Amino acid sequence: MLSFDAIIVSIVLVFIVLSFYKEWVGPAFTFLIGVVVLGIFGILTPSEILGGFANDQVMVILMLLLIGDIIRDLGIVENLFDKVFQRAKTYRQFMARMMFLVGGFSAFLNNTPLVAVMMPYVHSWSKRHNISPSKLLIPLSYSAILGGCITLIGTSTNLIVNGMVIDQNIIPGLKSLDMFDFAYVGIPMMFIGSAYLLLVANKLLPDNVDTLDKFSENSRRYIVEAHVRPGSDLNGKSIEEANLRNLKGLYLFQIKRNNIKVAAVSPELVLAEGDCLFFAGETETIADLVLANSGLTIPTVGMLGHKKQLEVVEIVVSHNSTLISKTVKEANFRGNYDAAIIAIHRNGERMAGKIGDVKVRAGDVLLLLGGDNFTARTQRVQDFYFISKVKEFRKQENYKIWLLLGGTILAVILSALKIVPLFMTLIVMIIVILALKITNPKDIAASIDFNLAMIIALSLAFGTAMIKSGLAVLIADLLISVFMPLGQVGILLGIYLITTILAAYITNKAAVAIVFPISLSMALTLQLNPEPFILVVAFAAAANFMTPIGYQTNLMVYGPGSYKFGDFFKIGLPLTIIYMVVCVSILSYIYFY
């Protein structure tokens with residue numbers, strides 16, 4: 001017979017599942033409503049509701065996300081990707097490099113920014129080799145998921161489970177998970193999953209039209225002028241060898257050499273010092289060209305490019321601007337505003353020729369490269385209005401970059417050896433990052449994912465309610481009666497199956513909040529080692545391949561790949577079954593035999 005508290009928690013549980021599936025309200029607000037109801041009925045005390053915010057694993061997740069964002073902003077990962085992928089000539093070569101590089105990084109860095117950094121490479125490489133990005137984007141997401149399951153810090157799901165281990169009171173004295181407790185399953189599945197994708201991805205994935213190509217038909221395109229600078233590595237290379245035919249979405253449509261225009265640019269054309277190259281592209285791709293160390297120089301930028309802090313912004317010229325009818329050179333943006341005009345967009349009109357000689361008109365959209373003083377000098381300017389900040393770039397000394405990477409590696413090693421807790425090493429890293437001005441406090445505050453923190457903390461509170469009300473034990477007894485005839489292996493299979501289905505359709509964090517207390521109660525009832533019951537929940541929730549809504553990286557590639565919901569199921573269901581069989585087999589062998 002269900003107690004009154006168990007009935008209330010059951011109703012809240014049904015509400016959470018339906019809200020996630022039907023998308024009534026956002027995840028954070030769903031948990032907030034549920035936990036507040038439990039508080040009103042006295043099932044949770046205020047201290048139990050707020051207890052999750054004091055869990056050190058919540059702060060560990062937020063700090064790891066911050067450090068991952070800082071590493072991404074410094075361009076460290078992008079520079080490595082440049083070197084690794086420039087020699088990939090075939091689909092399988094690119095896939096193999098992508099999966100093992102992204103998977104390896106995902107074991108120690110948050111996989112969401114890694115996928116965000118990698119997506120432009122997938123698009124640009126696909127264009128150059130006439131392969132649809134839809135053949136690569138799902139494998140990109142899956143490789144990030146596979147790599148994230150190797151370590152405790154590889155995915156926020158593992159850290160949430162560890163936070164629940166620390167908070168639980170079902171089994172007193174239960175030790176927290178170690179850094180590489182996940183490696184016994186994670187590493188074999190990284191190789192098995194990658195081999196599976198290499199074998200079947202090209203056959204099972206659709207050959208869709210690139211969404212970015214369709215979008216670009218109506219997007220704002222710019223023409224930018226770039227010169228082959230003296231001493232550049234590009235000097236003496238052909239267009240194809242220099243990889244300039246389609247540089248991250250840019251289209252090289254004209255070269256000017258000694259006042260002679262070459263309109264039909266051949267891939268075999270050899271570049272020479274002083275060549276003037278004209279590219280067409282959108283805001284982000286132009287920004288990448290300006291800020292990249294590509295061997296090209298933008299004539300309007302000059303010494304501005306040597307500043308430590310730069311930003312690429314879009315502005316529109318106002319109708320009463322004093323800039324109207326002045327050439328770009330006469331406008332003197334560098335002297336007046338600490339900025340340079342990189343490119344001009346004028347209602348689709350092709351703005352070829354020297355940008356310094358173009359006369360500014362009302363309504364022109366200008367792409368600017370701004371220096372340290374740009375914002376301060378333009379606060380009360382009426383000549384133009386801001387549209388957006390496209391990209392920001394901070395140059396850092398090499399020793400700061402190596403200190404950041406070395407510090408991250410050292411934090412992982414010290415935590416794995418149990419010398420210093422990960423929480424403390426990450427706090428020290430944040431302090432060092434601020435002290436060396438690698439980033440500033442405002443950027444750190446803006447980067448904190450408060451929504452994620454609320455979801456995690458409130459899901460911990462909901463797990464406490466399931467335990468206190470006795471609902472976790474009741475569901476555990478029911479599942480034991482169903483799966484016990486199959487033995488201990490069957491019980492792990494049952495937990496994995498339930499968790500992965502919930503994670504696929506109501507998100508992995510909600511699945512963990514629901515299944516973790518049930519799984520731990522089953523271990524206690526059966527008097528078995530609780531560790532495999534903890535790990536199977538973590539793997540089933542994190543290794544989520546069947547739907548685009550089950551994991552954030554799946555959602556990131558869903559739209560750009562023009563995928564259908566069923567595309568994930570077609571390639572993800574076999575991988576989920578493989579992962580389940582391997583996971584349960586390894587855990588059973590280690591802990592039961």
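A residue counts as buried when its relative accessible area is under 20%. In this predicted model, Tyr142 has a relative accessible area of 0% and is therefore buried, and Phe545, at 1%, is buried as well.

A search of the whole structure finds 16 aromatic pairs. In one of them, the ring centres of Tyr142 and Phe545 lie 5.0 Å apart with the planes at 75 degrees, so the pair is edge-to-face. Because Tyr142 belongs to helix H8 (residues 137-148) while Phe545 sits in the loop between helix H23 (531-542) and helix H24 (552-558), the pair ties together parts that are 403 residues apart in sequence. Another pair, formed by Phe539 and Tyr579, is tilted, and it links distant parts of the chain, with Phe539 in helix H23 and Tyr579 in helix H25 (residues 565-592), 40 residues apart. Phe539 is buried at 1% relative accessible area, and Tyr579 is buried at 0%.

| Aromatic pair | Centre to centre | Angle between planes |
|---|---|---|
| Tyr142 and Phe545 | 5.0 Å | 75 degrees |
| Phe539 and Tyr579 | 6.2 Å | 40 degrees |

Apart from its neighbours within four places in sequence, Met118 is in contact with Phe81, Phe85, Phe94, Met98, Val102 and Leu140.

Notes:
Residues numbered from 1 in each chain as written. Predicted model: local features only at pLDDT ≥ 70, side-chain atom pairs only at ≥ 80, totals over all residues. Heavy atoms only, no water. Contact = heavy atoms within 4.5 Å. Phe/Tyr/Trp six-rings, centres within 6.5 Å; stacked < 30°, edge-to-face > 60°. Helix = DSSP H or I, 4+ residues; strand = E, 2+ residues; numbered from the N terminus. Buried < 20%, exposed > 50% of the residue type's maximum accessible area, 1.4 Å probe, protein only.
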